[in-house]
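Please find below my notes on the model you asked me to look over. They are set out as numbered points, going from the whole chain to single residues.

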Amino acid sequence: MSTPLEPETPGTAHDAPGPDRTVRGPHSGIPGAGGDAFGTHPGIPGARPDASGTPGPHPGPSLGSTSPGATQWRRLDPRTLLVHCGWMAAPLGSLALTALATGGRITTGAWFTLAAIAASFAVVTTIGLIRWARTEFRVALPRSADGTAADAPGGGHGRPALTLDVRSGLLTRRLRSVPLHRIRTVDLTATPLHRLLGVTVLRAGTAGSGDGRSELSLEALAVPEAERLRAELLAYADAEAVANDPVVAHISWRWLRYAPLTFWVVGGVFVVAGSAYRVLDGIGIEAWKLGFVQRAFTEFGASALWLTVPAALLVILALGSVGALALYVENWWNYCLEWTDARTLRVRRGLFTTRSVTIERARLRGVLLREPLLLRAGGGALVRAVAGGLGNHEENRKRSGLLPPAPRPEALRVAGGALRSPFPGSTSPAALTPHPRIALRRRRVRGLLWAVLPGTAVLAGLGAAFTPVLLHCAWIYAVVTTAVVLWLARDAYRNLGHGVDGPYLVARSGTFSRDTLALQREAIAAWTFSTSPFSRRAGLVTLTAAVAAGEDGYRIPDLAAAEAPGFAAATAPGILEEFLMHPGTPAHLPEQRLP
């Protein structure tokens, strides 16, 4: 007895705009530039404009899947079963370490662990076999009730729209069908286990897959088949030759000198140490009771601290630098940023875990030039894309990188190459409007209240209770941190700025990470005005531009409250006009009838 299919079309149920959080413009919720609610493009796929600007007939890109045999259902690679068994590496490795630590003696608990692993292996293998046998996909034309090919929205002038169909499930069969014109990104991801087996994971993101719920994932496909399928999915877009060099940037190993100028140079050491401690604790080994650890702490305390503390810091920096270099190489090996056609930007990178991310030009809403404090001191920067369809916040953080830490001039050039226009401030200093002087005072007061005062009070209290040495530490701490706070506050204030550069909103802020945002003005869907009792007293407001891309909202902190509404209205017309009152214009109140 066959079970019914439950059709699910991503983009119809997930694309409805959410509830208004703030004041929204008439173009909010539109998934593409000039597109309709179904993600269709203003142009006709497969038609090129002639000299007069009128679309003329032109054969669209042909798909190999449109042949009679290509519409057959295809299965995932059988090596998917081995991928599902990769989880056993951790418990088996833990068991092996336990056996080594105990001299090869396997306890009763270890035998129970082996039995649990064997049972889990049988269950996971059975489930994986069923999933593999019941999961199929194809690229095909939609069928009408009479079995003939039907025209789908977005096909354009009677041209039938191709769909990517995936069906799965054992008891309840599930059919997911996505029109190819709705697919925005196609990513190939391969972990070390995938690469060892020669397979990869294909993820196709649609216009409504910002939360990841409507993203189609095929795990796992053979690498050649995944490359062919990605080419088929992206070939539906109107491919045109790129006038300029399609390669925007590729890896230069001279950029390795910027790798240590990141958080991982210090934080990475403690992250690795904490992970190692948790692994040892999980297998019953107490790291603090190991002989060499106790001897190291004893010798460290018995030596001159004015020598051992700087030496320990140098060791941490050295280990962190090595780790940062290794992480840089693993993440950005074989890096290449290129335009595969006039409408698709692709990033390829990775050594052990390879990643290939494609971004449709219509979904690219801007770029973010990020300069962390250490990287900025070394003259470097990195670039991230502000684009829709890259998944949730965590996936967006992984997929949005366009350039690793590199020289700032190279970052400006890459940002301009992604925008297809010069990045604001790349040719000449950007003319940004400075923020009120009171914003500097706010940063000074916050730094003194949250960094200087608590530490000084704690050290002074301990010194009064125990030893006068801590009293000297208290005033030294106060002097040093006050100087640092004042310098950071000055730097944060100097980095504040906002303005409009042609079609882009430009905003800059931050000191630990100075971020310069170039955001398309037409992509702004809403404005949020945020204040606190202290900022209202200072006459300041924080303005947030809501956009259906990237981090969903981008802040411009501490603007003058009197100037913020006019700037927002001029930047994105059509959102605030009905709420503004201009000087000299009488207020029109709605009529109220008395009972």
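**Notes on the predicted model**

1. Of the 595 residues of the protein, 40% count as buried, where buried means under 20% relative accessible area, exposed means over 50%, and partly exposed lies in between (1.4 Å probe, protein chains only). This is a predicted model, in which local features need pLDDT of at least 70 and side-chain atom pairs count only at pLDDT 80 or more, while totals for chains, interfaces and linings use all residues. Residues are numbered from 1 along each chain as its sequence is written, and side-chain values use heavy atoms, with hydrogens and water left out.

2. The secondary structure comes to 15 helices and 24 strands, these being DSSP runs numbered from the N terminus (helices H or I, at least four residues; strands E, at least two). Among contacts (heavy atoms within 4.5 Å) between residues at least 6 apart in sequence, 61% join residues at least 24 apart.

3. The accessible surface of the protein comes to about 32000 Å², and 64% of it belongs to carbon and sulfur atoms; such areas come from the Shrake-Rupley method with a 1.4 Å probe, and for residues only the protein chains shown count as cover.

4. How do the axes of helix H12 and helix H13 cross? The axes of H12 (residues 438–465) and H13 (residues 469–495) come within 9 Å and cross at roughly 165°, the axes being lines fitted to C-alpha atoms over the stretch in contact, with angles running from 0 to 180 degrees between N-to-C directions. H12 and H13 are therefore roughly antiparallel to each other, a term for angles over 145 degrees, whereas those under 35 count as roughly parallel, 65 to 115 as roughly perpendicular and the rest as oblique.

5. By class, the contact of H12 with H13 has 20 nonpolar, 6 polar and 3 charged residues; here Ala, Val, Leu, Ile, Met, Phe, Trp, Tyr, Cys and Pro count as nonpolar, Asp, Glu, Lys and Arg as charged, and the others, Gly among them, as polar.

6. Leucine 82 has its place in helix H1 (residues 80–84). Leaving aside residues up to four places away in sequence, leucine 82 touches Leu193 and Leu197, and its C-alpha atom is separated by 8.5 Å from that of threonine 125, 43 residues apart along the chain.

7. Arginine 420, in the loop between helix H11 (408–419) and H12, has phi near 60°, a positive value in a residue other than glycine. At 32% relative accessibility, arginine 420 counts as partly exposed.

8. Aspartate 552 lies in the loop between strand E23 (540–547) and strand E24 (553–560). Its phi is near 75°, a positive value in a residue other than glycine, and at 39% relative accessibility aspartate 552 counts as partly exposed.
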